[in-house]
Amino acid sequence: MSRSAELYRRARQLIPGGVNSPVRAMRSVGLEAPLFLRRGEGAYVEDEDGNRYVDWVMSWGPLVFGHADAEVVAAVQDAAVGGTTFGAPTEREVELAAEIVDAVPSIEQVRLVSSGTEAAMSALRLARGATRRDRVLKFAGCYHGHADALLASAGSGLATLGIPSSPGVPTGATADTVVCPFNDVDAVAAAVERYGEGLAAILVEPVPGNMGVVPPAPGFLEALRALCDASGALLIFDEVISGFRVARGGAQERFGVRPDLTVLGKIAGGGLPLAAFGGRAEVMEQLAPGGAVYQAGTLSGNPLATAAALVVLRRLRDPAVYERLEASGAALEAGLREAVAGAPACVQRVGAMATLFCHPGPVRDFDTAAAADTERYGALFRHFLDRGVYVAPSQFEALFVSTAHGEAEIERTVAAAAELFA
Ligand code: KE4
């Protein structure tokens with residue numbers, strides 16, 4: 001029995017499903033036991049049986065400079081010897097807030113939290129408090145973490161597990177959640193027509209990564225901005241994935257559309273548990289303690305996470321980083337596209353995030369994504385694994401490019417695809 005299988009057997013007795021997050025079970029790609037990873041370095045990870053893989057999961061997006069980046073490790077070590085948490089304000093929190101405000105066009109003030117779920121949940125509460133309205137409009141296939149109000153046909157995890165909305169979520173919690181198809185302006189306009197009075201926010205992943213990567217259709221984000229302006233709802237961009245990935249200022253910089261609130265995570269946390277939400281000062285100032293909208297967190301802005309995040313965000317000021325990410329993303333896309341030519345498959349990419357769909361494409365929304373051949377994707381995942389390439393164990397996720405991925409990693413990945421689709 002492999003060490004991973006052995007660990008999985010033990011884990012299942014102690015941890016629900018043997019994992020601390022459902023997608024890690026790798027059930028949807030047909031593995032009996034998930035890989036248990038023991039170390040990562042640059043673009044590579046090693047499992048408990050000593051197998052080494054080119055890693056395109058990158059912990060689901062945070063590791064824009066790859067695993068165990070020397071500067072990040074040193075920064076966390078230096079911070080730790082001074083104390084790992086105080087529950088009091090620290091200078092690094094001010095410095096990190098300044099980095100985020102400088103990078104993200106629409107953010108004037110920002111609150112740090114510990115997970116993307118917490119950031120999205122808090123941004124929604126703030127939007128509801130600021131507008132004194134209850135309704136939120138989200139999109140099928142978009143995932144914003146597992147807060148009750150947002151587990152209505154979410155896209156990541158739930159889509160893979162085929163659960164339309166989770167048991168345990170009270171009907172009241174999603175009674176004010178309206179779900180529209182992504183990229184469908186008419187559907188959104190009709191929903192706003194019907195619910196506009198009570199609409200607190202439109203919440204969207206401007207570049208969805210949780211139904212696979214689905215680029216926004218030209219004019220779609222602009223239409224959401226206009227519908228929010230017309231109805232008095234706030235536009236919330238969930239940039240947990242796209243933030244600092246598709247541009248330093250995220251999708252709002254790349255596509256030139258400014259939301260009222262932005263949710264950040266993953267890269268923003270430098271690979272440590274840190275996320276954030278921010279926006280116009282007049283909205284953000286309604287948060288406790290100055291305002292009445294309550295939000296709090298014991299480890300919010302802790303020294304280890306802010307140290308890692310500062311190293312990463314300061315290095316992202318260098319435009320050459322995004323030139324490299326764009327070039328590597330384009331090379332990966334071109335190689336995979338050539339490998340799947342003629343097969344019922346397509347490759348969709350925005351910047352340093354891409355998905356190989358087992359679907360002829362184009363994939364414009366969750367309905368088309370859900371029609372992908374997930375059986376074939378499972379076979380693809382196992383084929384790549386056998387060739388030392390670790391891609392997302394779910395069709396509804398992304399390949400995350402880092403600066404640690406080079407020609408060798410791209411060639412190995414493309415060769416594996418070419419062999420499979422030959
Ligand atoms: P966390 O609570 O997992 O830190 O963030 C939730 C979240 C919010 N918004 C977006 C756009 C996200 O993609 C996520 C989390 N992403 C998933 C995978 N796409 C994390 C992986 C997992 O659930 O284990």
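## Salt bridges in a predicted model

Glu-326 is partly exposed, with a relative accessibility of 29%. This residue belongs to a predicted model, and its side chain meets that of Arg-349 in a salt bridge, 2.9 Å from N to O. Glu-326 sits in helix α12 (residues 319–340) and Arg-349 in strand β11 (residues 346–350), so the bridge ties together parts that are 23 residues apart in sequence. Is Arg-349 buried or exposed? At 17% relative accessibility, Arg-349 counts as buried, because the cut-off for buried is under 20%.

Let's turn to two further pairs. Asp-69 and Arg-315 form a salt bridge whose closest N and O atoms are 2.7 Å apart. The partners are 246 residues apart: Asp-69 is in the loop between β3 (52–55) and α2 (70–80), while Arg-315 is in helix α11 (residues 303–315).

Arg-387 pairs with Glu-419 in a salt bridge, again with closest N and O atoms 2.7 Å apart. Here Arg-387 lies in the loop between α14 (374–386) and β13 (389–390), and Glu-419 in helix α15 (residues 407–421), 32 residues apart.

| Residue | Relative accessibility | Class |
|---|---|---|
| Asp-69 | 13% | buried |
| Arg-315 | 23% | partly exposed |
| Arg-387 | 31% | partly exposed |
| Glu-419 | 45% | partly exposed |

How many salt bridges does the model hold? The count comes to 22.

Technical notes. Residues numbered from 1 in each chain as written. Predicted model: local features only at pLDDT ≥ 70, side-chain atom pairs only at ≥ 80, totals over all residues. Heavy atoms only, no water. Salt bridge = Lys/Arg side-chain N within 4 Å of Asp/Glu carboxyl O. Helix = DSSP H or I, 4+ residues; strand = E, 2+ residues; numbered from the N terminus. Buried < 20%, exposed > 50% of the residue type's maximum accessible area, 1.4 Å probe, protein only.
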